[in-house]
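Please keep the sequence and the 3D view open while reading.

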Amino acid sequence: MIVQRVVLNSRPGKNGNPVADNFRIEEINLPDNINEGQVQVRTLYLSVDPYMYRGSNSRPYLCKRCKMNEDTGTDYIAPWQLSQVADGGGIGVIEESKHAHLTKGDFVTSFYWPWQTRAILDGNNLEKVDPKLVDGHLSYFLGAIGMPGLTSLIGIQEKGHIIAGSNQTMVVSGAAGACGSLAGQIGHLLGCSRVVGICGTHEKCLFLTSELGFDGAINYKKGNVAEQLQESCPAGVDVYFDNVGGDISDTVISQMNQNSHIILCGQISQYNKDVPYPPPLLPTVEAIQKERNITRERFLVLNYKDKFEPGILQLSQWFKEGKLKVKETVTNGLENMGAAFQSMMTGGNIGKQIVRISEISL
C-alpha cells in the first residue's frame, strides 16, 4: 500500500524561524502484513504544537531546544532526523489489528503519531479513546479534552492557588491559543472573579470576550500594554497564566500583587532564541518578583499523571454542560502540515491548530 508521509527536510537552526519548507511530503510503501502486537491505523487528525520548535515546560514531551534541531536539551526526547518522518500528537482509527486489546474500528491516540496517512504501530504505545467524551468531536482529544486541556487545568490547580470567592484576577497571555483559550475559562470555573486575556489581533480579542467569557482583552500590538492592563485589572493581578514570556510577561509581572502566582505554561516569544528555559527575567523584573513574593516555578504536567483521568473527565463534563467552549483552527491535508506549523508559530490560529488528514462518520 502506498501512503504519504511528511519528513524533516531541513533544520531552522537554534535561532532561526521555522518555515513550511523545513518539511517535505513523500510517498512510501506500507508493508502488506502486520506482526503480533501491531495495528494498522488510518490517520484522522494530527496536531502541531509549539513544543515541536522549542518545547514548553508543561508539555509531556518538552524539550529545551527543539525537535527540529539536533540538540533537544533533554535525555527523554529524540530530535526529528533529516529525511525521516516527523511525529506528534495524533488520533486515528484501527483498520487491522493483531493486538490483544485493540480491535478494528477502535479510535486511538498517541503523543508520537507519525505524520503519515496510514501507519503500522505498536499497539502498546496507543491509548484507546471514547468518542462519547467529546460528543464525537475526535480532534478534541488533541486539544480541550487532551493534553492542552490537562495542561491548563492541572497547571491552574497546582500552581495558580485560586481560592473561590476571594476576588482574584487572572491574566492569560497567548490567550487565544490552544492552552490560553482554555485557561481563561478554567480560571473562571475554578473561582477567579475576573479574567483578562492578551493576544495579537482585534478578532482574537473579540473572540475572547464575546465567545469565551473573558472579562477583558488586550491587543498587545495596539496601544500601551501597561496602561491597558492597569485599566483592565484595577485591583492588580493575582494569577498569571504565562504562554509567551518576553516583554509582555515583564509588563504583567510588574503589575502583580503581593504573594501572587505565575503559571509557566510556555514562552513562545523566546522559542526562536537560544536561551535556557525558563528564560531569565530582567533584573528589574526579577527584583519585583522577589520583593512581592511572586511564585514562578517550572511546571511539568507529566509529574501529575495520577490527575490525568479525573482531569479528562472534568474537562469532558464542562464541555458537555456548555461551560467550556472549544475552538479549533482546522487545516486540511497532510501536504499542509508545514504551513499549519508555521502559521501556529506566528499566531495564525485561534484555539487549537489541527490538521485534518481523513474523514470518518460516527
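## The parallel sheet

Strands β11 (residues 237-242) and β12 (residues 256-264) run parallel and pair over 5 bridges. Two strands pair if DSSP finds at least two bridges between them. Helices (H or I, at least four residues) and strands (E, at least two) are DSSP runs, numbered from the N terminus. Within this pair, D242 has L264 of β12 as its bridge partner. The model is predicted: local features need pLDDT of at least 70, side-chain atom pairs count only at pLDDT 80 or more, and totals for chains, interfaces and linings use all residues. Residues are numbered from 1 along each chain as its sequence is written, and side-chain values use heavy atoms, with hydrogens and water left out.

Both strands belong to an open sheet of 6 strands. The order is β10-β9-β8-β11-β12-β13, and the pairing is parallel. The edges are β10 (216-219) and β13 (295-297). Each has a single partner strand, so one side of each lacks a neighbour in the sheet. From one strand to the next, the twist averages 20°. In general, strands of a sheet pair through backbone hydrogen bonds, either parallel or antiparallel.

## Helices on the sheet

Helix α2 (residues 147-159) packs on the sheet. Its contacts are with β8 (169-173), β11, β12 and β13. Contact means heavy atoms within 4.5 Å. The direction of α2 makes about 145° with that of β12. Axes are lines fitted to C-alpha atoms, for helices over the stretch in contact, and angles run from 0 to 180 degrees between N-to-C directions.

Helix α5 (residues 225-232) lies across β8, β9 (194-199) and β10. It runs at about 175° to β10.

Which residues of α5 are buried? They are V225, L229 and S232. Buried means under 20% relative accessible area, exposed over 50%, and partly exposed in between (1.4 Å probe, protein chains only). Seen down the axis of α5, the buried residues fall within an arc of 65°, so they line one face of the helix. The arc is that of the directions from the helix axis to the C-beta atoms. These buried residues pack against β8, β9, β10 and α6 (246-254). On the other side of α5, Q230 and E231 are exposed.

N224 caps the N-terminal end of α5. One of its side-chain oxygens lies 3.0 Å from the backbone nitrogen of A226.

Helix α6 buries I248, S249, D250, V252 and I253. Its buried residues pack against β8, β9, α5, β11, β12 and α7 (283-291).

## Around S181 and G177

S181 sits in helix α3 (residues 180-190). Its relative accessibility is 4%, so S181 counts as buried. The S181 side chain reaches the backbone oxygen of G177 at 2.7 Å. That is a polar contact: a pair of N or O atoms within 3.5 Å; within protein, one must be able to donate a hydrogen and the other to accept it, and residues adjacent in sequence count only if both atoms are side-chain atoms. Not counting residues up to four places away in sequence, S181 touches A175, A176, L212, F214 and G351.

G177 lies in the loop between β8 and α3. It is buried, with a relative accessible area of 17%. Leaving aside neighbours within four places in sequence, G177 contacts N349 and G351.

## Other loop residues

S139 is in the loop between β7 (127-128) and α2. At 5% relative accessibility, S139 is buried. Neighbours within four places aside, S139 contacts Y45, E328 and I354.

H161 has a positive phi of about 55° although it is not a glycine. H161 lies in the loop between α2 and β8 and is partly exposed, at 41% relative accessible area. N293 also has a positive phi, near 55°, and is a residue other than glycine. N293 is in the loop between α7 and β13 and is partly exposed, at 45%. Most residues other than glycine have a negative phi.

## The whole chain

The protein chain has 9 helices and 15 strands. Of its 362 residues, 55% count as buried. Among contacts with a separation of 6 or more, 67% join residues 24 or more positions apart.
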